Amino acid sequence: MKKKYFIETQGCQMNEYDSDKMKDLLSKEMDFENTNNKEDADILIVNTCSIREKAQEKVFSLLGKWRKLKNKKPDLVIGVAGCVASQESTAITSRAPYVDMVIGPQTIHRLPKIYEQSLKSKSTIVDVEFPLIEKFDNLPRLSNSKFSEFVTIMEGCSKYCSYCVVPYTRGTEVSRPLNDILKEIENLVENGTKEITLLGQNVNAYFYKDKEGNIVNFGLLLFYIARDKRIKRIRYTTSHPNNFDEQTYLAYEKIPQLVSHLHLPIQSGSDKVLAAMKRGYTVLEYKSVIRKLRKARPDITFSSDFIVGFPGETEKDFMKTIDIIKEVNFDQSYSFIYSKRPGTPASAIEDNISLKEKKERLNFLQETINQLSKNKSKSILGEKEEILVEGVSSKYNNMVTGRTKNNKIISIPGNKNLIGEILDIKITELNNRSLKGEVFEK
Ligand code: SAH
Ligand code: SF4
Ligand code: F3S
């Protein structure tokens, strides 16, 4: 009988991508099979996130539970991967010495070797190095791809915003060679993938110089990818306002497959707060990026990330964030209360805002964006849109859901045979916050 693995994934899409790769290694190179039941597993791995304090504490409480499973089954192997592994490897070995493997985001491809070592050794095996791009050369190729797939094009971050752990947990920006990316995409497309989402902490900081000295920036990469017309949609996340190049603006004019929606984190609408965050741009500069994108693609919509309650943020600063939200008309947000992270420069700044105040600001911000999103949904009632069907609806019977090029989720009548189809639909109904539609009859 095959041994079984269980992987829990926390954090961002980079972690989801890495977990998928670990699953491939486990099933293709290590002859394990997946289980959804922790009690049955021979190896348990949690792929962790340390972006906020809560995320990190969640790891230790989970490990406490897994320890009980190990008491019952001493051969059980427990692994901690991802950003907490990278940032807190010593805390893990001291607070949870029963963990067998600590694997950083850049060493997941070494899982088979680390696992072998841990079976032989009585102590925890820790491998949290940053061996540049070695990881991608050593990962097995996916065989059954889905209609929508992620492709990591770069890793890490060299921006060092004052509050953020990512440059320390994932290392500095490193881009993958152009041909490796194009080959990975071709392989996916040959297996039926229609939508590609390019991934990276700062995707548009992509920079690759080949042996002849030719430079490929992010915009050019988009043009290379879009040459394959079997690819119907190209998305990317997360981009940084300071890394837009002229070719990327041009891509929005020339590449129809590039969707009309962009997640572009701003964090705050106050120049004073942006400077304290070391974001490297002003509100005016951010708006200039938005203006150029809109010029190239008039129907583009935006979502963003916000941090509220950054130390020193006054009510007036916060209201500037609300102003920019209304001005840009963001229709979705990932917004969080500032969390002090050990080792970051901002952790030395005195936190002078009460939790009550922070919560009120967060609620207000989220309500503002929900209202804008609702207005946008109302405005597309009766419109014709193109959707890519992604799955059966969890809310409605006999319906499937898909996303428009503006990233709106629409439910239409149908069954799982429609998954992966690109359809022209008409939007017919807005029910609270969810949109319904039907296939467009010409
Ligand atoms: N590279 C991307 C974001 C990656 S982290 C960018 O800079 O745009 C994802 C989000 O987590 C950030 O955009 C930020 O909003 C949030 N975040 C990061 N550190 C945080 C902290 N210390 N407290 C609260 N939110 C944080
Ligand atoms: Fe973190 Fe800033 Fe890098 Fe984004 S750009 S990952 S917020 S340091
Ligand atoms: Fe979290 Fe690491 Fe992603 S800290 S948000 S899992 S890069």
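Trainee: How far is a nitrogen atom of ligand 1 from a polar backbone atom of Gln201?

Mentor: The separation is 2.9 Å. Please keep in mind that this is a predicted model.

Trainee: What about Ser339 and ligand 1?

Mentor: A nitrogen atom of ligand 1 lies 2.8 Å from a backbone N or O atom of Ser339. Arg52 takes part through its side chain, where an N or O atom is 3.3 Å from a nitrogen atom of the ligand.

Trainee: How much of ligand 1 does the protein bury?

Mentor: The protein buries 89% of the 540 Å² that ligand 1 exposes when taken alone.

Trainee: Which residues come nearest to ligand 1?

Mentor: There are 15 residues around ligand 1, and Gln201, Gln267, Arg279, Asp305 and Ser339 come nearest.

Trainee: Is Cys157 buried or exposed?

Mentor: Cys157 counts as buried because its relative accessible area is 10%, which is under the 20% limit.

Trainee: And what surrounds ligand 3?

Mentor: Around ligand 3 are Cys12, Asn15, Thr48, Cys49, Ser50, Ile51, Cys83, Arg170 and Gln201. That shell has four nonpolar residues, four polar and one charged. Cys49 is buried, since its relative accessibility is 14%.

Trainee: With those cysteines in mind, how many disulfides are there?

Mentor: The count is zero, where a pair would need its cysteine sulfur atoms within 2.5 Å.

Trainee: A change of topic: how many residues does the largest nonpolar core have?

Mentor: The largest nonpolar core has 53 residues, and Leu198 and Tyr236 have the most contacts inside it.

Trainee: Which residues does Tyr236 touch?

Mentor: Leaving aside residues up to four places away in sequence, Tyr236 touches Thr197, Leu198, Val203, Phe218, Leu222, Phe244, Thr248, Tyr252, Leu258 and Leu262.

Trainee: Which residues does the second, separate core include?

Mentor: The second core has 21 residues, among them Leu63, Trp66, Ile78 and Val102.

Terms used: Residues numbered from 1 in each chain as written. Chains lettered and ligands numbered in written order. Predicted model: local features only at pLDDT ≥ 70, side-chain atom pairs only at ≥ 80, totals over all residues. Heavy atoms only, no water. Core = buried A, V, L, I, M, F, W, Y, C linked by side-chain atoms within 4.5 Å. Buried < 20%, exposed > 50% of the residue type's maximum accessible area, 1.4 Å probe, protein only. Contact = heavy atoms within 4.5 Å. Near = heavy atom within 4 Å. Polar contact = N/O pair within 3.5 Å; in protein donor to acceptor, adjacent residues only side chain to side chain. Areas by Shrake-Rupley, 256 points an atom, 1.4 Å probe, with all protein chains shown as cover. Nonpolar A, V, L, I, M, F, W, Y, C, P; charged D, E, K, R; others polar.
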